[in-house]
Amino acid sequence: MERKLVDAKNTFCPGPLMELIGQMKLASVGDELEVLSTDKGSASDIPEWINKVGHELLDSFEEDGVLHLVVKKTK
Amino acid sequence: MSTGKISVMVTSNKREQLQMAAMVASVGAVSGNDVSVFLSMNSLNFFLKDSSEQATPQGSMGQLIEEKNVPDFKDLFQQAVEYGDAKIFPCSMAVDILGIGQDDLETYISEPLGLTSFLSDASEGQVWHF
C-alpha cells in the first residue's frame, strides 16, 4: 500500500477528476491517492464520482486554499 | 454502479460548444455510462491527426477558457475513450465530404458511422447536441 500525490492544482473541471482517474488506473487495489485541487467544484464532484464508482473517500480537508481528497482504490 | 446511455452529437466549431461536449462525454463515460459521440459538420476537422484548426471562442467564456488552464477538449474526448470506454464516431457523410480515411483521424476515433445507425443507437437514454 502506498499513497500517491495527484497534484491537480490550477486546472479546472473536469481536470482534477480526470487526473485522479488517470492515476487510479495505474494504482493497485488498496493504494491511496491524495488529490490536490484548487477547483471549487471538485469538493462535491470528486466525492460524487468516488461514491458512484464505489471507491472509498478516506479524508477531505482544505489547507491554504487547496482542497485535499484522500481516496482508497477498492477495486 | 448505475449505468445509462448518453449520446452526444457535435456539429459546432466553437470553443464553448466543443468544451461542453467533451465535458459531458468524459464525465459521463467515467461515471459508468455508455457514451457514444457523433462528430459531424464543423466539428470533424479538429479530429484529423495534426489538425491545426483552432476552435473559435463564441463569447467571453470561450476567451477565458483560452487564457486559463482549462483541460483541452481533445484531451477530454480521448480520456472519455481511454478511461470510460466511450465511442467517438465520425459521421460517414462528413468523412465522405472531407475525402478522408480512417488513418487521417486520431487513433481514438472509431470507424465512421451513418446517421441512421447513430439515431437508432440514440433512441434510448439521454441525447445531447453541441
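**Entry 1: a term first**

Two strands count as paired if DSSP finds at least two bridges between them. I need that before I can talk about hairpins. I also remind myself that this is a predicted model.

**Entry 2: the hairpin in chain A**

I started with the hairpin of S3(A) and S4(A), which has 2 residues between its strands. Asp64(A) sits in this hairpin with a positive phi near 50°. S3(A) and S4(A) are antiparallel, and I find 7 bridges between them. One pair I looked up is Glu62(A), whose bridge partner in S4(A) is Leu67(A).

**Entry 3: the whole sheet of chain A**

Next I wanted the strand order. The sheet is open, has 4 strands and reads S1-S2-S4-S3 in chain A, with mixed pairing.

S1(A) and strand S2 (residues 32-37) of chain A are parallel and share 6 bridges. S2(A) and S4(A) also have 6 bridges, but they run antiparallel. Glu34(A) turned up in both pairings: it is the bridge partner of Leu5(A), and it stands opposite Val70(A) in S4(A).

**Entry 4: two faces of S4(A)**

I recalled that in a regular strand the side chains alternate between the two faces of the sheet. Which residues of S4(A) point to the buried face? I get Leu67(A), Leu69(A) and Val71(A), which share one face and are buried. To count as buried here, a residue needs 20 or more other C-beta atoms within 10 Å of its own.

**Entry 5: helices on the sheet of chain A**

Helix H1 (residues 15-26) of chain A does, touching S1, S2 and strand S4 (66-72) of chain A. The direction of H1(A) makes about 150° with that of S1(A). Helix H2 (residues 42-53) of chain A lies across S2, S3 and S4 of chain A and runs at about 5° to S4(A).

**Entry 6: over to chain B**

Chain B has 5 helices and 4 strands. Reading from the N terminus, I noted the elements as β-α-β-α-α-β-α-α-β. How does the radius of gyration of chain B agree with that of a compact globule? The rule puts a compact globule of 130 residues near 14 Å, and chain B has 14 Å, so the two agree. Its C-alpha atoms fill a box of roughly 40 × 35 × 25 Å along the principal axes. As for burial, 41% of the 130 residues count as buried. I also looked at contacts between residues at least 6 apart in sequence: 78% of them join residues at least 24 apart.

**Entry 7: the sheet of chain B**

Here the open sheet of 4 strands goes S3-S2-S1-S4, and the pairing is parallel. Strand S3 (87-90) and strand S4 (126-129) of chain B are the edge strands, each pairing on one side only. The twist averages 15° from one strand to the next. Strand S1 (residues 5-10) and strand S2 (residues 34-39) of chain B run parallel and are joined by 6 bridges. Within that pair, I found Met9(B) opposite Phe38(B) in S2(B).

**Entry 8: following H1(B)**

H1(B) packs on this sheet, where it touches S1, S2 and S4 of chain B. Its direction makes about 160° with that of S1(B). I tested its length too: at 1.5 Å a residue, 16 residues should span 22 Å, and the end C-alpha atoms of H1(B) are 22 Å apart, so this agrees. Is H1(B) mostly covered or uncovered? Mostly covered, as 15 of its 16 residues are buried. After H1(B) comes Gly32(B), with a positive phi near 95°.

**Entry 9: where the chains touch**

Last stop was the contact, which takes 14 residues from chain B and 13 residues from chain A. On the side of chain B that touches chain A, helix H1 (15-30) and helix H3 (73-84) are the elements that give two or more residues. H1(B) gives the largest share of that side, 4 residues. Sorted by class, this side of chain B has 8 nonpolar, 5 polar and 1 charged residues.

Key. Residues are numbered from 1 along each chain as its sequence is written. Chains are lettered from A and ligands numbered from 1 in the order in which they are written. This is a predicted model: local features need pLDDT of at least 70, side-chain atom pairs count only at pLDDT 80 or more; totals for chains, interfaces and linings use all residues. Two residues are in contact if their C-beta atoms, placed from the backbone, lie within 7 Å. Ala, Val, Leu, Ile, Met, Phe, Trp, Tyr, Cys and Pro count as nonpolar, Asp, Glu, Lys and Arg as charged, and the others, Gly among them, as polar. The expected span of a helix is 1.5 Å times one less than its number of residues. A residue is buried if 20 or more other C-beta atoms lie within 10 Å of its own, exposed if 12 or fewer, and partly exposed in between; C-beta atoms are placed from the backbone. The radius of gyration is taken over C-alpha atoms; the globule rule is 2.2 Å times the number of residues to the power 0.38. Axes are lines fitted to C-alpha atoms, for helices over the stretch in contact, and angles run from 0 to 180 degrees between N-to-C directions.
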